[in-house]
Amino acid sequence: MEVLFPDRFKVLFVVLMFQIFPCAAEMASPSSGCQLRSLSRMNYFSDGDLIVGGILQMHGLFVNLPYHKELRHMECFFFSFRHYRHLLVLIYTIEEINKDPELLPNVTLGYQIYDSCASGMKSFASAFGILSGTEPPIPNYSCWNNRKVVGFIGDVSSESSLAIAWLSGIYRYPQISYSSEDPIFNKKVEFPSVYRMIPNELSEVDAIMSMFKYFGWNWVGLIVSDDDYGYRASKSLEKVMRKESVCLDFLIRLRFTEKRSTVHLRETAKIKDTIYRSTAKVIMLFISLKFADHTKFFLDPDKIPKKIWIASSSLPHIAEMRYLPVFVALNGTLAFSSQQGEIPGFKQFFYSLNPFKYQRDILFTNMWQLLFHCTFPKIKKKSSIKCTGNESFDDIDLASYETFDFRISYRVYTAVYAMAHALHELYGTMTSHPKSAESLQVYFKQWQLNSLMQRLKFRTSSGDEIHVDNNGDQPARYDILKYYFLKIGNVKRIKVGSFDASKSDGNQLFFKNITSLWEPYFSEFVHSHCNEPCIPGYRKAKTEGKPSCCYTCVPCDHGEMSNITDAQTCMKCSKYEKSNSGRNSCIPRNSNYLSYKDQLGATLSFISIILSFTCAVILGIFRKYRETPIVRANNQYLSCLLLISLMLCFLSSLLFIGRPTQICCLLQQVIFGIVFTISLSSLLAKTLTVIIAFNATKPGSKMKKYVGTQLSIILIIVCSLGETVISAVWLASNPPFAEADTLSDPDYIFLFCNEGSGIFLFCIIGYMGTLALLSFIAAFLAKDFPDRFNEAKNITFSMLVFCSVWVTFVPAYLSSKGSRMVAVEIFAILSSSAGLLGCIFIPKCYIIFLRPELNTKDLVVRKS
């Protein structure tokens, strides 16, 4: 007892064990030797082979003394027709089962039903009385003789259901609750024999969160009652909301205070102000039954802006108040309700009821007077209309009383059938004993039903499949109802969607028509965010000191994009793409290379072709005037070779223009280096020829044997061979290759030829520089020779131009990128080649065409 019972139930148990209940008996006992006494204002009994205990709430509770005083001072008041309907459904269902020849054949179900009055104490006492059948109850003793109590059906409230569960769990009697959603019953160690025909309330939290995810609401308000129900709801919601990135704008706990107290007024004003100032467009309402009346103090339609209200299954309690201002504020509320089912034949059963048939039933009399607003003659009220008993249910609006909204009543119906099917299955397992009511009574053990209940599965007559999960609950299936509160006080409920937790993620929530979901106060979809959503092209950035749902929108950086609303991060574009101006998509990056279509590329191409054509023209001129002294005096063969190599130098620059390819990259530097080496070695050979020829004219000189073209050819071959070897090693070890530079500029992809090894590139340039320096030195030494050998001066100037160009090329090349880097190298090639062409051959052409008088042998001899 110390382990299972909380303090108040330990006290209650002691009271029930040792106190004689002073209530008067209202009916005969099931056996002659015992007398069953009622602990409630009303109880119902029907004899049978097996007895189903029913503890149902039909009244509220009025307590005029503390709970530990005598039970006679706990009075049941506030009769509810909605709850009385549960009693009628239970009685109707048992009668229907007894008429079914296939379910529990030869066995009659009876019932013993008590009114719990929403009291845990009365529920506990009623359960004790049902098990004992005596007055006062005797522990571990049954006065039912040949009859067997098989289990309990009940109750609406968690407090009442819990009281029954403490007692039924000791003896392992199955208890089937039809309305209590308290998740405490999922603790199967403490409550091994409790089953429910309704999902627990935590499933309702999951359903509401799925709605928030579905509509993208992440900024909501929450109003809960200050009791266990509200505490559990708020804790569960806050836990799931943190996981799903949904934030609370406010949390209001309704406290139970005196209606007219100063504290209550201040609290109400504070609640109104909180709701009024809230920026959340969606508010959740989780309140228990006893707090339903409190809503009329703060739901003032004139003081509260229009909101989307999401209510739990407690909303019908508020609707029963019929308080018009609350109706106006909550008009259009979306509420989750247990899935509706059909009770075949119950409507006809209900319409067949009349007060003449149930004259001794005080509750039925109360129901009749409540529905028809009349009183029976034995009740003395001067101003009231007298009931005749011939009134018709067709004359009243039963829908306003939720008479045929069988959501809870249907759970009573399925609870009784679940008990009956478990008994039927137990009846079917009796193979070694005769199948009869007497054998089932003799061999029945209540704990056997628990193992059968855990795997129970059946279909109702309307086709609904009923089974319980491992926690003893029904799978979470809800109808989503939209409440319209009409001005006349009536309530209209329309099913707009459903939730089924047994389906796969993404298919659990379903809405029929979203466009009409926001009526009557909103014409279109309602957003509920702490701030405006970040449009594509922006990402969310946390705002210090505010909830995670409050953020600022930061534009994506260059090269990043977001194409969804409220993006957490921006996605990087691929290295071949860039973000567009709106930063909401990636577009291909422009390729940057020196193209023939570019103005700079076209200009350099044109200059290259013109200069190479100039070389060809000069070569033709030298070929035509090869017999003239000016051509013959400067070694016409070397001059022609130099012109050809210069022409190739000009044309080699075209390899650097256009989209880089692997072939072009391999040929660019190699061809440029070799043809430039031929040009420089030709100049060096010309200079050395001049020096040798001059020294050979001196008496006794040994240089005469070197005069001729053989030495020049050998020198050119040797020098060119050196450059060729360097190029071959370069191509063999680390050749150039086409590369795309995606890092230097976010908008462009620079396509260029990677040298593979910068060392080899500068080796080639260094090698050519060495040849140029040798040519410069040799030409400088020969610059003062007689005029007919004054080509050395031209070579000296050309080498100055060449060295100046390539010395400035190195820093310019290293500081450039993309097409500019290629243009620098082309410019260096063209300018240095043009310097050689201009300094060496233009003066000769000048003499040939403009000063032909200087191009004579006599003048040359005379000047010498």
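This is a predicted model: local features need pLDDT of at least 70, side-chain atom pairs count only at pLDDT 80 or more; totals for chains, interfaces and linings use all residues.

Biologist: How many helices and strands does the protein have?

Modeller: The protein has 25 helices and 29 strands. Helices (H or I, at least four residues) and strands (E, at least two) are DSSP runs, numbered from the N terminus.

Biologist: And what share of the residues is buried?

Modeller: Of the 864 residues, 51% are buried. Buried means under 20% relative accessible area, exposed means over 50%, and partly exposed is in between (1.4 Å probe, protein chains only).

Biologist: Let us turn to helices. At what angle do α3 and α4 cross?

Modeller: The axes of α3 (residues 120-132) and α4 (residues 158-171) cross at roughly 35 degrees and come within 7 Å. Axes are lines fitted to C-alpha atoms, for helices over the stretch in contact, and angles run from 0 to 180 degrees between N-to-C directions. The crossing of α3 and α4 is right-handed. A crossing is right-handed if the near helix is turned clockwise from the far one by less than a right angle, and left-handed if anticlockwise.

Biologist: Which residues make that contact?

Modeller: Among them are F124 and F128 of α3, and I164 and W166 of α4. Contact means heavy atoms within 4.5 Å. By class, this contact of α3 with α4 has nine nonpolar, three polar and one charged residues. Ala, Val, Leu, Ile, Met, Phe, Trp, Tyr, Cys and Pro count as nonpolar, Asp, Glu, Lys and Arg as charged, and the others, Gly among them, as polar.

Biologist: What about S168: is it buried or exposed?

Modeller: S168, which is in helix α4, counts as buried because its relative accessibility is 1%. Leaving aside neighbours within four places in sequence, S168 is in contact with F152, Y173, Q175 and S193.

Biologist: Now for strands. Why is β9 described as largely enclosed?

Modeller: Seven of the seven residues of β9 (residues 219-225) are buried, so the strand is largely enclosed by the rest of the structure. Both faces are covered, with W219, G221, I223 and S225 on one side and V220, L222 and V224 on the other. In a regular strand the side chains alternate between the two faces of the sheet.

Biologist: Which strand is joined to β9 by seven bridges?

Modeller: That strand is β10 (residues 247-254), and the two run parallel. L222 stands opposite L251 in β10.

Biologist: In what order do the strands of the sheet with β27 come?

Modeller: Three strands form an open sheet in the order β27-β29-β28, with mixed pairing. Two strands pair if DSSP finds at least two bridges between them. The edge strands, β27 (590-592) and β28 (737-741), each pair on one side only. Three bridges join β27 to β29 (residues 748-754), and these two run parallel.

Biologist: Finally, where does UniProt place the feature "transmembrane region"?

Modeller: The unreviewed UniProt entry lists several spans, including residues 600-625 and 759-782. UniProt positions are given in the numbering used here, feature names are shortened, and annotations may be inferred rather than shown by experiment. In the model, residues 600-625 are 96% helix and 0% strand, with end C-alpha atoms 37 Å apart.

Key
Residues are numbered from 1 along each chain as its sequence is written. Side-chain values use heavy atoms; hydrogens and water are left out.
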